[in-house]
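Morning, everyone. Let's take a quick walk through a new structure. Please have a look at it before I start.

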Amino acid sequence: MKEIRKLYLFTFFRSLTFFASISIAFYHENNLSYFQIMLLQSVYGILTAILEIPSGMLSDIWGRKKTLILGTVAFALAYFGGAVGTSMLPFVLMQILAAVGQSCYSGTFVALMFEDVNSDDSITQSVNVIFANMQAINIGAVLLASLSSVFIVKYSSMRITYLFTVLAYILTLILGISLCETQKEKEKVKTNPFKEYGQLLKNSILYMKDYKIGLIVMDLVIFACFSNTFTYIQQPILLNAGLETSKFGYVTFIITICTVASLKTVQLIEKKIKNVNRFLCLLTMLVIVSLFSNALHVSPVWSAISFAIMTIAVRYREIFLMNALNTYISDDSRATVMSIVSAIEMIGLAVLSAVIGLVEDVSIEYAVAALCIIVVIFYLIFGFMKFVCKKKYVQKVSILK
């Protein structure tokens, strides 16, 4: 249980991204167009996708703790670059380092969390509840950082928010170093990493061929691309609605309070929901309708309410889908499989961000509508593929009988 508590603290400090609530406005203040801003996201997405699989394999072979430490150092350097950057080039370098950090975190942290929960008999809570706690801590840290950013921007400057974020990652690094390595993790150091890469990648790809895993991965990828692109148009929507930059933190505060409160109901939802697939479909529809409403009626109050609804739904979907995916994966390949998923997400995000960025320079309302239409089309394709795969699976089982 002690390691889970350390992971809770690790999650808290790494989530103190003080610049997050004003990042788009900060780029805009430094003379970047919305297309250039979305291009930065594309650079980040492509590089993260390239690095995801190698970093996941590194985690499975080299060790979780070492990979997390490497990622933390990369993040600290990235946001220091943001603090001193004034043009496109340093911001691109920031995205490169952030991509290194994210690729080291994505598969590794989830793998470490699931392994600690499953190996520690003193933990009585379910994986869903532990994951929900992580999400709540993450959101709480974002809340604190967002509220702090209001005063930092008011009494100092947007640039200083990046320096505060660097300090938070230094504290994260200290926590990462304090994490205990299991006996299994220590034994990884004695092996030859390069010798095992080929077999590990082969095993991970075989996992992805299973139709149940494939459907979960496809669902995760589609929605991750949608939700992450949505976060990059939140601030332009608020600017378009006439909200002052200094008040962005208050909107984030409203969203955060609502989301943290909802995450405390995960255990209750676990017991009450009889059909998880229907629940996920309902959440998907709720998110799309809420976002599309911003293209029809733009006001700061409604934007804040709709953003809260979407954020809650996104968090619920991630918790249930991640748990479903991890039940099919073994510890030896967990980080690699999760990194493959993240890599696919990043590629999709890079393409979608660039497309939406182009539309966004024309009109924010058009960008919102375009994002909704694209995701609806993809989910129609996903629904058709899900139907076909299940039908083939049922036929195969019937033949075997």
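Contact here means heavy atoms within 4.5 Å. Keep that in mind, and keep in mind that this is a predicted model.

Start with glycine 82. It lies in helix H4, which covers residues 64–84. Is glycine 82 buried or exposed? Buried, with a relative accessible area of 0%. What does glycine 82 touch, once neighbours within four places in sequence are set aside? Phe26, Phe91, Met94, Arg159 and Tyr162. Tyrosine 27 sits 55 residues from glycine 82 in sequence. In space, the C-alpha atoms of these two residues are 9.8 Å apart.

Now the aromatics. How many aromatic pairs does the structure hold? The count is 17. One of them joins phenylalanine 26 and tyrosine 162. Their ring centres are 5.0 Å apart, and the planes make an angle of 45°, so the pair is tilted. This pair links distant parts of the chain. Phenylalanine 26 is in helix H2, residues 23–29. Tyrosine 162 is in helix H7, residues 160–178. Phenylalanine 26 is buried, at 1% relative accessible area. Tyrosine 162 is buried too, at 0%.

Next pair: tyrosine 27 and phenylalanine 91. Ring centres lie 5.1 Å apart and the planes meet at 70°, so this one is edge-to-face. Tyrosine 27 belongs to helix H2 and phenylalanine 91 to helix H5, residues 88–119, so the pair ties together parts 64 residues apart in sequence. Tyrosine 27 counts as buried at 5% relative accessibility. Phenylalanine 91 is buried at 0%.

Phe26, Tyr27, Phe91 and Tyr162 are among the members of one aromatic cluster. Phe10, Phe19, Phe75, Tyr79, Tyr105, Phe109 and Tyr169 also belong to that cluster. Phenylalanine 109 has a charge over its ring. The charged end of arginine 14 sits there, 4.7 Å from the ring centre.

Over to another helix. Serine 306 lies in helix H14, residues 300–326. Serine 306 counts as buried, with 0% relative accessibility. Leaving out residues up to four places away in sequence, serine 306 touches Ser290, Ser293 and Asn294.

Last, the cysteines. A disulfide is a covalent bond between the sulfur atoms of two cysteines.

Note on methods
Residues are numbered from 1 along each chain as its sequence is written. This is a predicted model: local features need pLDDT of at least 70, side-chain atom pairs count only at pLDDT 80 or more; totals for chains, interfaces and linings use all residues. Side-chain values use heavy atoms; hydrogens and water are left out. Helices (H or I, at least four residues) and strands (E, at least two) are DSSP runs, numbered from the N terminus. Buried means under 20% relative accessible area, exposed over 50%, partly exposed in between (1.4 Å probe, protein chains only). Rings of Phe, Tyr and Trp (its six-membered ring) pair if their centres lie within 6.5 Å; planes under 30 degrees apart count as stacked, over 60 as edge-to-face and the rest as tilted. A charge sits over a ring if NZ of Lys or CZ of Arg is within 6 Å of the ring centre and within 35 degrees of the ring normal.
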